[in-house]
Each structure stands twice: as structure tokens, then as C-alpha cells.
Amino acid sequence: MIRGIRGAITVERNEAEEIVAATETLLREMIRANGVVADDVSFVLISVTDDITAAFPAQALRRIDGWTYVPVMCTREIPVPGSLPRCIRVMMTVATEKKQDEICHVYLKDAAVLRPDLSLTKKTEM
């Protein structure tokens with residue numbers, strides 16, 4: 001079964017180094033919390049809010065061992081009313097035997113989901 005794992009993180013400053021480091025932190029926590037291995041990943045979509053312009057955060061995935069060939073796309077979000085500033089969001093589609101309600105979604109540094117109706121109660125916060 002293909003399942004979606006959602007995650008989000010906010011950054012303090014619009015600086016390339018911080019954006020890539022925050023994205024890497026989020027990806028590592030999503031991977032750890034769900035026991036994800038690169039071979040099971042179908043696709044990773046990384047989106048950033050319109051106020052982040054300094055970096056291409058998809059390069060963070062390349063810094064994780066074994067993830068060089070995972071398909072990834074990075075895009076900028078269309079502004080949504082109530083959206084938090086300087087937010088990076090990730091949707092990772094994974095082949096897993098887990099049920100959707102067993103998936104752990106990861107929201108770090110007061111980040112929020114883009115569409116709250118999709119959020120589940122199971123999540124991890126730092």
C-alpha cells in the first residue's frame with residue numbers, strides 16, 4: 001500500500017543554510033518516526049511558503065545516506081490565508097504495510113499542516 005507521510009517545520013530566517021538544515025532535520029525525523037527506507041519511497045514533494053526565497057531545500061534529501069536517487073520535487077506554495085510564515089512542508093509517499101492511522105506525521109517548531117482537515121492526531125513535535 002502507498003501511504004502519505006506529512007511533515008512541516010518553520011525556520012527563523014530566510015537564509016539558505018538554515019533552510020536546508022531545517023529541511024534535513026524534518027526529513028530525518030519523518031524517516032526515523034516511520035522506519036522509512038529509501039527503496040520504499042515513491043516520491044517526495046517539498047514545498048515552501050512564498051516568503052522563503054533563499055534556498056532550494058530539496059538538496060537536504062541528498063545529504064541523507066542512501067537517498068540520492070529518491071524522486072523529489074520542490075515547489076513554492078500559493079499563499080493561503082492563515083498560513084504560517086517561513087514554513088517548509090514535506091509529503092513523502094511510501095510503500096508500507098502500516099495502516100494510514102499508524103503513520104506518524106511530524107510537525108516541528110510550531111509548524112502546521114497546509115490543510116488542517118488532513119491532519120491526524122498522531123504526530124511528533126520537537
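Where does isoleucine 31 lie?

Mentor: Isoleucine 31 lies in helix α1. Helices here are DSSP runs of H or I with at least four residues, strands are runs of E with at least two, and both are numbered from the N terminus. Before going on, note that this is a predicted model, in which local features need pLDDT of at least 70, side-chain atom pairs count only at pLDDT 80 or more, and totals for chains, interfaces and linings use all residues. Residues are numbered from 1 along each chain as its sequence is written, and side-chain values use heavy atoms, with hydrogens and water left out.

Start with the helix. α1 covers residues 16–34, and its 19 residues should span 27 Å at 1.5 Å a residue. The expected span is 1.5 Å times one less than the number of residues. The end C-alpha atoms are 27 Å apart, so the model agrees. After α1 comes glycine 35, with a positive phi near 60 degrees.

Now the residue itself. Isoleucine 31 counts as buried because its relative accessibility is 14%. Buried means under 20% relative accessible area, exposed means over 50%, and partly exposed is in between, with a 1.4 Å probe and protein chains only. Other buried residues of α1 include Ile19, Val20, Leu26, Leu27 and Met30. Glu18, Glu24 and Glu29 are also among the buried ones.

What does isoleucine 31 touch, leaving aside neighbours within four places in sequence? Its contacts are Val36, Ile64, Trp67 and Met92. A contact means heavy atoms within 4.5 Å. Take methionine 92: 61 residues separate it from isoleucine 31 in sequence, yet their C-alpha atoms are 9.4 Å apart.

Next, the strands. Strand β4 spans residues 87–95, and seven bridges join it, antiparallel, to strand β2 at residues 41–48. Two strands pair if DSSP finds at least two bridges between them. Valine 41 faces valine 94 of β4. Cysteine 87 is buried, because its relative accessibility is 0%. β2 also pairs with strand β3, residues 72–76, through five bridges in the parallel sense. There, isoleucine 46 is opposite cysteine 74.

Another pairing involves strand β1, residues 2–10, which runs parallel to β5 and is joined to it by three bridges. Alanine 8 has tyrosine 107 of β5 as its bridge partner. β5 covers residues 105–108; His105 and Tyr107 point one way, Val106 and Leu108 the other, and all are buried. In a regular strand, side chains alternate between the two faces of the sheet.

Step back to the whole chain. The protein chain has two helices and six strands. Along the sequence they read β-α-β-α-β-β-β-β. Of its 126 residues, 44% are buried. Among contacts between residues at least 6 apart in sequence, 78% join residues at least 24 apart.

Last, confidence. pLDDT is the predictor's confidence in each residue, from 0 to 100. The chain has a mean of 83, and 84% of its residues reach 70 or more. Your helix does well: confidence is highest in α1, at 94, and lowest in strand β6 (residues 123–124), at a mean of 49. Over residues 116–123, pLDDT stays under 50. Where pLDDT is low, the predicted coordinates should not be read in detail.
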